[in-house]
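Hi,

Here is the structure I promised to pass on. Please open it first, then read my notes below.

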Amino acid sequence: MTYKGKVAVTGAGGFIGHHLVSYLKAEGYWVRGIDVKHPDYENTPADEFLELDLRYWDSNLIATKGVDEVYALAANMGGIGFIETHKAEIVRDNTMINMHTLESARVNGVHRYLYTSSACIYPGYLQNESNPAPLKEEDAYPAAAEDGYGWEKLYAERACRHYREDFGLETRVVRFHNIFGPLGTYDGGREKSPAAICRKVALAATGDSIEVWGDGEQTRSYCYIDDCVEGIYRLMRSAHHDPLNLGQDRMISINQLVDMVAGIAGKKIYKAYDLTKPQGVRGRNSDNTRLRQVLGWEPAVSLEEGLRRTYTWISGELTRSGQMEPRGSALATA
Ligand code: NAD
């Protein structure tokens with residue numbers, strides 16, 4: 001069989017990594033997946049899957065050996081509840097992972113390397129209002145990243161730039177804005193807001209109230225997973241080496257997100273606000289001007305459609321695991 005090339009995907013047991021492996025297989029690549037664990041909800045389609053702890057140098061030498069390209073997604077991370085309470089662990093693990101994977105790629109003669117950064121690198125001082133200006137790539141500096149997770153991502157972005165400039169490794173850096181979709185973590189403490197809200201709505205009866213963190217007026221934009229993996233691939237194939245936003249530029253509040261999911265579920269849902277819970281920045285949106293210029297493309301799946309697919313999957317999982325009555329998963333027809 002002839003392959004387009006041989007690639008490694010780190011974090012292939014995670015949400016985006018698993019979807020990316022499927023995408024790259026469909027594109028005709030030989031794919032090695034690497035993670036400390038296999039994907040949670042279905043088998044990996046990778047040609048080879050190595051269970052390795054990428055904090056350690058020797059693991060990385062094996063992980064990046066004999067491949068043309070590396071997609072570096074492995075990270076110790078989670079939603080706002082996790083990253084605000086595990087800063088030392090996140091900084092320690094991800095610094096070790098990022099530097100060792102990058103250096104091993106250089107040592108092993110990898111040609112291209114894509115690092116997955118985050119909107120969390122943007123300065124807090126630009127995100128204090130519910131209706132902030134969308135974040136442009138150059139807004140990253142003067143830096144005031146999210147404490148812990150954001151600073152560690154920003155540092156790894158810089159490391160990629162230095163490796164390109166000094167060692168000639170072709171690096172690409174993508175900044176994700178809230179990626180969501182089926183096969184993403186939806187419980188256990190690491191889940192993000194769309195998955196958490198889908199789970200809470202699925203488990204609620206019509207007329208119930210669900211817990212909302214903060215006053216619900218904090219805003220975000222959300223990007224569906226299929227657009228995310230296509231964007232990653234397009235960026236890897238492009239000649240653009242500076243960091244690039246990858247997200248939707250439609251901003252909505254958490255309150256609106258809850259109403260949207262409740263509408264999809266066909267349930268009347270009330271909100272109980274917990275002001276003691278972490279909310280992250282007050283408002284955040286992606287400026288996609290450069291994304292459109294560089295890739296000639298932008299995410300296309302609507303939030304409504306993405307949430308419908310995600311709610312359907314999560315309610316199906318809850319039903320299968322016996323946490324939800326089958327009738328609760330009925331979708332609204334509207
Ligand atoms: P995820 O947690 O589902 O996947 C990360 C994977 O990395 C997990 O499977 C985990 O087991 C693996 N990992 C952690 N420590 C490891 C280690 N020591 N060795 C090997 N593997 C290890 O997260 P995701 O949502 O798929 O995110 C993928 C990447 O995108 C991460 O770098 C994340 O920081 C970044 N990102 C994601 C989002 C988002 O909205 N999902 C937003 C911004 C940035």
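**What I found**

S315 sits in helix α10, which spans residues 303–320. Helices (H or I, at least four residues) and strands (E, at least two) are DSSP runs, numbered from the N terminus. This is a predicted model, so local features need pLDDT of at least 70 and side-chain atom pairs pLDDT 80 or more, while totals for chains, interfaces and linings use all residues. Residues are numbered from 1 along each chain as its sequence is written, and side-chain values use heavy atoms, leaving out hydrogens and water.

S315 is buried, at 2% relative accessible area. Buried means under 20% (1.4 Å probe, protein chains only). A polar side-chain atom of S315 lies 2.8 Å from the backbone oxygen of Y311.

Now the ligand. 26 residues surround the ligand, each with a heavy atom within 4 Å of it. The closest are I16, D35, D53, Y149 and I179. By class, the shell has 13 nonpolar, 7 polar and 6 charged residues. Here Ala, Val, Leu, Ile, Met, Phe, Trp, Tyr, Cys and Pro count as nonpolar, Asp, Glu, Lys and Arg as charged, and the others, Gly among them, as polar.

Which atoms of the ligand lie 2.8 Å from D53 and I16? For D53, a polar side-chain atom lies 2.8 Å from a ligand nitrogen. For I16, a backbone N or O atom is 2.8 Å from a ligand oxygen.

Three elements, α1 (15–27), β5 (112–118) and α5 (149–167), each give two or more residues to the shell around the ligand. β5 gives the most, with 3 residues.

Best wishes

Definitions and conventions. Buried < 20%, exposed > 50% of the residue type's maximum accessible area, 1.4 Å probe, protein only. Polar contact = N/O pair within 3.5 Å; in protein donor to acceptor, adjacent residues only side chain to side chain.
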